[in-house]
Amino acid sequence: MSELSHQLEPAAPPAPPGPAARDSWRSRHRFAASLTRGAGLAGVVLVAMVCLAGLFAPLLTSWDPVQQVAGSQLLPPGAGHLFGTDQLSRDIAARVFHGARTSLLVAVIAVPAGTVLGILIGLLATTRPLADLITQRVFDVVLAFPALILGVLLALVAGPGTPTVITVIVVTEAPIVGRLIRSQVLRVRELPFVESARVIGAPGGWVLRRHVLPNSLEPVAVHVALAFSGAIFAESAMSFLGIGVRPPAPSLGGVIADSLLYIEIRPWFAVAPLAVVVALSVGFYLIAQALGKAGRD
Amino acid sequence: MRRHLLTRIGSGVLVLLLASIVVFVALRLVPGDPARVIAGTDAAPDTIAAVRAQLGLDHSLVYQYWHWLGNVLRLDFGTSYVIGGPIGSLIGHGVANTLVLTVTAVVVAVALSLVASIAWVVRPRRWLDTVLGTLVTVSIAVPPFVSGVLLVLVFAVLLPVLPASGIPPEGYFASLDITAQYLVLPATCLALPVAAALTRFLSEALRREWRQPYVLTARALGTPARRILTRGALRNALPTFLTVLGLQTGALLSGAVLVEAIFAWPGLGQLLTQSVGARDYPVVQALVLLSVAVFVVIQIVTDLAHAFLDPRVRLEGRP
Amino acid sequence: GCSSAVDQAKQASGAAGGTLVVGTLSDLTPSAIYSQSTTSMTIGRLLYDTLIRYDRATGTPQPAVAKSWTVSPDGRTVTLALRDDVKFHNGRPLTSEDVAYSLKTYASAAAASQLRPAAAAVTAVDTADPHVAVLHLAHPLVNLFDLLEFVLLTDRETPDQLKAGEQFIGTGPFKFAGWQRGQQVRLVRNDDYWNGAPKVEEVDLKVIPDETALLNSVRSGQTNVVVDASVQALTPFRGNDAYTVEPENIWDVNYYIGANVTDPALSHRAVRQAIAYAVDRERILHEVFGDTGSVNSAPWSPDSPAYNQELATRYTRDLTKARDLLTEAGGAPAQPLRLSYNTALAPAKSVAAIVQNNLADIGIKVELEPLDGAALTQTLNSGRSQLWINPHGFGQNSPATLATGAAPFKPEGNLSGYRSADYAALVERVWEQPDPDSAAAHAAYDAYTQLLSDEQFVINLVSTTVTNVYTGSVRGVDWNTYKYLILDKATVK
Amino acid sequence: MTDTDASLLRIENLAVSFGTRSDRARAVDGIDLDVAPGEIVALVGESGSGKSLTARAVLGLLPDGARAEGSIVLAGTQVVGADERTLNRLRGGVAAMVFQEPQTALNPVQTIGRQLIEALRLRPGFDKATARDRAVELLRTVEIPDPERRLDWYPHQLSGGQKQRVVIALALSGRPRLIIADEPTTALDVTVQAGILDLLRRLRDETGTAILLITHNLGVVADLADRVVVLRDGNVVEEAGVAELFRTPQASYTKELLAAVPRLSTTDSREAGTPAEDRVVDLEGVSVVHPGRGRAPAFTALEGVSLQLRAGEVLGLVGESGSGKTTIGRVALAVTPPTSGTVRLLGRDPRTLRRAELRALRRDLALVPQDPAASLDPLWTIDDCVAEPLVVHGAGDRARIRRRVAELLDAVHLPAAAGRRRPGELSGGQRQRAALARALALSPRLVVADEPTSALDVSVQSRILELFTQLRAEFGFAALFISHDLAVVSEIADRVALLESGRIVETGPARTVFGSPAQDYTRTLVAAVPVPDPAIQRRRHSPSEKETP
Ligand SMILES: Nc1ncnc2c1ncn2[C@@H]1O[C@H](COP(=O)(O)OP(=O)(O)OP(=O)(O)O)[C@@H](O)[C@H]1O
Ligand SMILES: Nc1ncnc2c1ncn2[C@@H]1O[C@H](COP(=O)(O)OP(=O)(O)OP(=O)(O)O)[C@@H](O)[C@H]1O
Ligand SMILES: [Mg+2]
Ligand SMILES: [Mg+2]
């Protein structure tokens, strides 16, 4: 054997992170860059605005979100109350800003949790026929249940509240991601470049992590873009049905649900919470889209 | 292929069975007692006991399940605790209404998403991208209960051009234009989020196809872009599309619950919420079973469609 | 060439003498026909008759199927003379047997009727004369006429069909013509009605379970009448000539805070009184009920014989008194109290929020527990509840009806777990008054009300009523003292 | 159309650039080119010199992010900056294109018949039936056997060469006045290649179709072209009539190119390798049958193949497209298991190995895939693709691997900048070199090189082959060298095996087999190899020796 091949003996500690790490650095850079311009930036600005509003809610409005001031029911926006007051004489601005915290918290916990869970289970499904059979049937059962009914039943059993909302979103999110991942993996696994990685003797885990998974993530990324908006919607829908965040804690969905009864006579009641929900969903969407684009290029 | 189908059906039955157990147990874990609902708040304990006995709720859970399952296998879903009457006919009415609504919504959603995605991919203009993207997001971001309320307010109340709620009084086939007017608002409301989701996935899939070399071949032959997309690329993108559509059926049923309430559409969604509220066990069980069955069937159909659409699968039975 | 669905719907419901479309939130529950429920309130007096009818202005009983009656001096025998021209929808004439059957039905446990105790006090019915029913009572019944207005005369030959919702045979002004479950009930005019055929040919009950949708259906002309709309939703209808907004003047919707006296935190009377002093009833009345009704710290509606001005206004917001009472009881409960309410009742949600806020002012921490109707009932009956917001009824008639039949008040097994020999004796005393208007009776009512007022296991807040909306073309909608809809004389232009 | 201009296609000062305004890279930098009606112009040049981009620019089909400047006038219409509708009128009808990589040029879910018929129906005057007839005719023209039946086949049921022929048929469907053929015969074996070249010539002669031919095969150029344009680094370095160019090349690069052309050597001037005794590959009676699933009948891809490869030996595998060359390669890499027969790799039967052992075995095996475009992960940079085997087998730390990758890229003559791009951003030849670098990364003991130079220009090819030889000498790896280019095989292989329909029909030392073929089939093959000498080629085609002045 020549000297070159001697050099190549695995004397050094095996499998250094080498080029992969470099790649991830570069992609991180690319992803970060994609958020500093165009639509990505707009998304960041939108979400950041809502985040900041939630974070600095006490500075933006001096009211407590659950404080009721007798005699100031359904006041229009004005000096004392930025967005007016609600049917229980509470400051809408305070409720919206604090509600945004809740909605953000729900989205930021539930979606990644559901996605990761879905990816793990989806991958598990592709390993063995039996695992596939079981996970697929479990997914079927979960997916086949209308999500709302799942939510209603869960809320009835566990009681309403933020953890219930998060659980419902995770439980309904995971199977969708799992399905997507599974079908993508089955497809990508057959592509020539995956075979070419196997041919060089790459272990199964490596092939999965480095080739199959990254090339399978595109539809998942698209889905996740929607899922953030979906989570915010799910929270609102559950609050609308009275199974969301436990009152009197504010949540965007709760404020919207309250406002709908007055949509005609006090239209401004609905404006602020709806604007924030739309801003959040659009923001999340733009971010996810920008990241997706960055991942593709 | 046939063996594949048989295993799919087998697993479908398994799913139904699992789901039936889940719903049966979950319902009984939920606090609230149908007997109390029927007897009313003011009822005395002996009244409630009498009602419980009448409903057969005094037996053990296993016995109740076994008994119910046995009946279901004979296609007897029992009678509604609250509204009375055999569940078969109860659901029968709702099924037709929900079917009309959801199928219309699916058709609208599919049509909208096809048009939007093809336009989106064929003419990759920045402004169109942004406008469509934002529209798509907003229609996801604004939940049906909000869009529904707004739609009704504008089109049925402020400028009353469309009926606010309900189904055509003389049936769907008496006069198609009347039917259409009744359907417009609820179907739009139900279709929008589905259309938005489909558009996202479809346009993404089409864009991926658009980067394939065969598209270049077709373009080099002078094939107009729209034709390439509709003839070739769309078909390649269809499996993804179908999968997403299949998954959206669950969302559709959930959406139907909200939309039917807002538009007073007497379908299964309404029946379902009412029955959950009243702890009308047999009705909820039957409805969940039905929706699971629909889902299972859709999955099998999607599967077959997949196989049919991809010759590599059809001819060689690869996954 | 395109016809408008909007115009079509308006025409169908607005035709002269034509169809009256009543929108309702929930569908029929046939088995609930014997209790005061949505079912009995919508179809009870349309399909069936009652023996007497209260004149709501004076509170005196008027003849209906019973054209006259005599009560024996000991109050234990009641002789009802029945009209001889009353026929069931299937043509069978109504006899005293039917009266006996109906009373017996209401006395059974399965009927789940709130007036079951009163019906059970009827020990026997003498049916020797088909047109005279002689009721033998176990004891004098102060709420006899409450019972006679409550009991619907149902057909004794088809109880099973009634339970299954297949046949609704009565003697009432309308005949059952079909039920699409979950959607609508069709009733047609009974041309042979003994009191003269109604004006409208048909009444349709449309089930629209969402409140906003229900009200929109009136506005888009798809329904003519909506019964029991929440005050918040009514604003757009007010001051609009196209609609009539009419509160039913039966002030028997009494929102109260229930307190579980078996719970250590609430077992001390002073705590409950402190709560009663802490709540801002005026605000609740104004903000939640739009000033429809009155603040009330007693269960009686202003036209009830038991109404007592002093006790009705005994508790008004007074934080000093409330705090003093709390101190007397050893301070506010250490743990937050659970306040349950029914999420399906929009007012309950708001009342709960206000109560939570009010109680915070005296240092009582409250956690809201939103539950759906079924779960709330379960919680209340389980004895695990602490505080809850709910409405109770039956404050409008004889106090005995409430005291014996309403779940929060029953001497045995009430929702608060309140038990005392005094209380049971007082209820007995109220119930067995032979003459509801006698001084003795009034003394008994006052004693009973005083006890309730002192004990505060039911902390009454406001008395309000149900509000209906009609399109401008509708006239003559009426109801009985239990809010059973009466359309005998209703018209729709 | 009546263009006063004599040329059908006139390209003036064409530049194609990539990237943003600030970070602009010019891939094509001021090319001038003319094609007259009925003329065959060959575009040759270094891989990555901008041939494909020029061709795509003519039809307005540049990849995303590319920008064309300058002027391209096609049949009197300006193409640069034209809108889609104008372009669509030109595409297919005036000019058609045959793309470089046939594997993916067809829609996988449509039958080839449908794709042909669709293309035909874009033209006026075709209804379904006539389009179908014409489609059959076109398939027959490109020598697809049994065309009526093949109409209903899907692309994946065809061999690479067959696919390429379908792509050519597609290009012909609109009876274009100009065919732009980007490496049209890359994937074809010489006999089919000869057929295609005949076909193109016939087209020109009979219908006056002009052809812009992009190829690196100077034999093909000599065979077909009237005029030759030589590109390098996005510039035209020389342009001349074919005979003149071959006779008296002016530019030094042209000279270099011509010198590098491999010739089918039939005289045994080189000493035969001295193969060691240990067998790297040992196939014994191997058959591979693709089971017929669904409606597809079972297909025997290999039948009773026995083959030995000793360490350090290069076995050339030749044979027509679809004869099973790739399949043998896959068997030898333990990717495709044989249906029957035994396989021993480095003395071990891969079927008896456990997973870890198989992985260890794979360290010593390497593949240069036939289709590098699909074999490189589209999300990875070239650097990472090349480094992957090193990382997987833990061959040193980060810095060392990086150094090694740089060495490898340099060895295959890829610029370091290419390493930071993704496969989609490279030219076909660059991708192929990247694949080669990746295969050689671990100094394997067996290399299966499946058409490793098919997309390379001759100068790079010769350097690559040199490198290959050199590395072989250094590491002593054995190689299964699959190629349809008999000249290349004759240069590099110690022995050749000739495949026909899954069977080995002739085997022996390269010079012997090509010099004195024993089989008719071999003789046909050898005769079909185009010689890089226009004079000889012309004589071969025209018995009347009608020479162009
Ligand atoms: N999408 C792209 N992005 C960036 N650079 C590209 C892209 N496509 C091609 N290039 C670069 O443009 C140059 C010319 O590419 P082109 O495909 O025209 O080469 P070629 O002459 O056809 O080579 P070959 O003979 O190898 O096919 C190459 O250096 C290539 O790396
Ligand atoms: N999965 C498969 N199912 C059925 N037939 C197949 C399959 N893969 C390859 N074949 C057939 O096996 C035969 C040999 O294929 P192979 O790829 O080995 O040809 P090749 O000699 O490499 O041809 P080319 O020079 O065109 O690449 C071909 O006829 C091909 O159609
Ligand atoms: Mg090229
Ligand atoms: Mg091959």
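**Helices, loops and a strand in a predicted model**

α5 spans residues 92–125 and α6 spans residues 129–144 of chain A; the two pack at an angle of about 140°, with their axes 7 Å apart. Axes are lines fitted to C-alpha atoms, for helices over the stretch in contact, and angles run from 0 to 180 degrees between N-to-C directions. Helices (H or I, at least four residues) and strands (E, at least two) are DSSP runs, numbered from the N terminus.

This is a predicted model, in which local features need pLDDT of at least 70 and side-chain atom pairs count only at 80 or more, while totals for chains, interfaces and linings use all residues. Residues are numbered from 1 along each chain as its sequence is written, chains are lettered from A and ligands numbered from 1 in the order written, and side-chain values use heavy atoms, without hydrogens or water.

Which residues bring α5(A) and α6(A) into contact? From α5(A) come I121(A), L124(A) and A125(A), and from α6(A) come A131(A), D132(A), T135(A), Q136(A) and F139(A) (contact means heavy atoms within 4.5 Å). By class, this contact has five nonpolar, two polar and one charged residues (Asp, Glu, Lys and Arg count as charged; Ala, Val, Leu, Ile, Met, Phe, Trp, Tyr, Cys and Pro as nonpolar; the others, Gly among them, as polar).

Staying with chain A, let us turn to its annotations. The unreviewed UniProt entry marks residues 38–60, 104–126, 138–158, 164–181, 220–245 and 265–288 of chain A as "transmembrane region". Over residues 164–181 of chain A the chain is 100% helix and 0% strand, and the end C-alpha atoms are 26 Å apart. Residues 220–245 of chain A are 81% helix and 0% strand, with 28 Å between the end C-alpha atoms. The unreviewed entry also gives "domain: ABC transmembrane type-1" for residues 100–288 of chain A, a stretch that is 83% helix and 0% strand, with its end C-alpha atoms 19 Å apart.

Where in chain A does P248(A) sit? P248(A) lies in the loop between α10 (204–240) and α11 (252–260), and a cis peptide bond with omega of about 5° joins P247(A) and P248(A).

Now look at chain C, which has 17 helices and 23 strands. Along the principal axes, the C-alpha atoms of chain C fill a box of roughly 70 × 70 × 35 Å. Here the axes of helix α9 (residues 269–278) and helix α12 (residues 319–328) of chain C come within 8 Å and cross at roughly 165°, so α9(C) is roughly antiparallel to α12(C). On the α9(C) side the contact is made by A270(C), V271(C), Q273(C), A274(C), Y277(C) and A278(C), and on the α12(C) side by L319(C), K321(C), A322(C), L325(C), L326(C) and E328(C). These residues divide into nine nonpolar, one polar and two charged.

Leaving aside neighbours within four places in sequence, V295(C) is in contact with R281(C), E282(C), L285(C), A312(C), L461(C) and V462(C). V295(C) and A312(C) are 17 residues apart along the chain, and their C-alpha atoms are separated by 7.8 Å.

We finish in chain D. R175(D) is found in the loop between α6 (160–172) and β7 (178–182) of chain D, and the phi of R175(D), a residue other than glycine, has a positive value near 45°.

Terms used: Parallel < 35°, antiparallel > 145°, perpendicular 65-115°, else oblique. UniProt positions renumbered as here; feature names shortened; annotations may be inferred.
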